[in-house]
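Thanks for making time this morning. I would like to walk you through one model, going from the whole chain to a few single residues, so please have a look at it first.

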Amino acid sequence: MSVVANRKSSSASTGAPENGRPKRGAWDSFSHWANKHRKWVLAAPAMIFTALLIAFPLGWTLYLSLTDSSGSVRADSEFIGLENYGEVLTDFDRFWPAVGRTVYFTGGALAFEMALGMAIALLLWRPFRGEKWVRVAILLPLVATPVAVGMMWSLILDPNIGFANQALSWFNIPAQPWLAGRDTALTTLMFVDIWQWTPMVVLILLAGLTSLSDEPDEAARVDGANAWQRFWYVTFPLVMPVFITAILLRGIDALKTFDILYATKGKGGGSFNEVETLNVYAYGLSFDYNEYGMSSAVLILFFMMIVGCIWLLTARKKRSNR
């Protein structure tokens, strides 16, 4: 009994617990927790900053879309609810044609870029002599900014002095309006977008192809499968997650295309609004007509379209990973 009493008295005098382990202070507990969750602790500042960077503009745009703000964002405005959305959704002269052009431009450019990107990536997949120079040449369109690319192609496709029509004249083909034509301008700019951004798709798909093992392809070759069968039934399913990632990245970027359209056709997407997509339309409402409430409603609807596309592609990617 005296020994136990001496132990209790000594532990009480020294402040140590009976089991011999020192008490953990508040700072030690926090350090232990932070070390255990260090990946989240280190990433938290950047995540919070990014969230605020996205949330504030989105919240402000949503607020403006519910008001009759016009003339100046500092001018007095009244809350009008969903009136702007109703006016936009019933605008069959400008809004819905802009939606159609956006879908046409994005879908057409994305389809050609993915097909060409896969074909070029397959050609560059296997090593060959001079492959480094070929890869550098393919990546050159990515070096220039979209505005510079737009100005360059405007000169090439000029109806009077452009090289494109001069080249057609060598084969006795009549000159084409290209960017000047009401029915050809958007398709021409789609070609320019394909020319500039296909290399990015090639990079993504080539990275996915080089990460694949050679064993499935060799097994299919031993079983007598031809080149197309090996690609369609072996290579393409294996690279499908990367393929969907490329669609997601390039599709969102194509939906947001503005600079090349505005650089080549100017305000309103041309005299007849022939290349007026949703971005160009919203820009015109904001900076040409100062209709901030209307333009904010257009941007919120456009944002919802983009989120819907991301959700569909992400769901498709999850199914392909199973």
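Predicted model: local features only at pLDDT ≥ 70, side-chain atom pairs only at ≥ 80, totals over all residues.

Residues are numbered from 1 along each chain as its sequence is written, and side-chain values use heavy atoms, with hydrogens and water left out.

Let me start with the chain as a whole. The chain has 14 helices and 0 strands, where helices (H or I, at least four residues) and strands (E, at least two) are DSSP runs numbered from the N terminus. Its radius of gyration, taken over C-alpha atoms, is 30 Å, whereas a compact globule of 322 residues would come near 20 Å, by a rule of 2.2 Å times the number of residues to the power 0.38. Along the principal axes, the C-alpha atoms fill a box of roughly 115 × 75 × 30 Å. Of the 322 residues, 37% count as buried; buried means under 20% relative accessible area, exposed means over 50%, and partly exposed lies in between, with a 1.4 Å probe and protein chains only. If we take the contacts with a separation of 6 or more, 67% of them are between residues 24 or more positions apart, a contact being heavy atoms within 4.5 Å.

Now to the interior. A nonpolar core here is a set of buried Ala, Val, Leu, Ile, Met, Phe, Trp, Tyr and Cys residues joined through side-chain atoms within 4.5 Å. The largest such core has 21 residues, and the members that touch the most others are M114, M118, L205, L209, F236, V239 and F243. Two or more residues of this core come from each of α5 (95-125), α9 (185-210) and α11 (227-255), and α11 provides the largest share, with 8 residues. Which residues does M118 contact, once its neighbours within four places in sequence are left aside? They are L205, F231, F236, V239 and F243. There is also a second, separate core of 18 residues, which includes Y85, Y281, A297 and L301.

N273 lies between α12 (259-265) and α13, and its phi is near 55°, a positive value in a residue other than glycine. Most residues other than glycine have a negative phi. N290 sits in the loop between α13 and α14 (292-321), and N290 likewise takes a positive phi, of about 55°, although it is not a glycine. Is N290 buried, exposed or partly exposed? At 27% relative accessibility, N290 counts as partly exposed. The third, N172, is in the loop between α8 (163-170) and α9, and N172 is exposed, with a relative accessible area of 73%.
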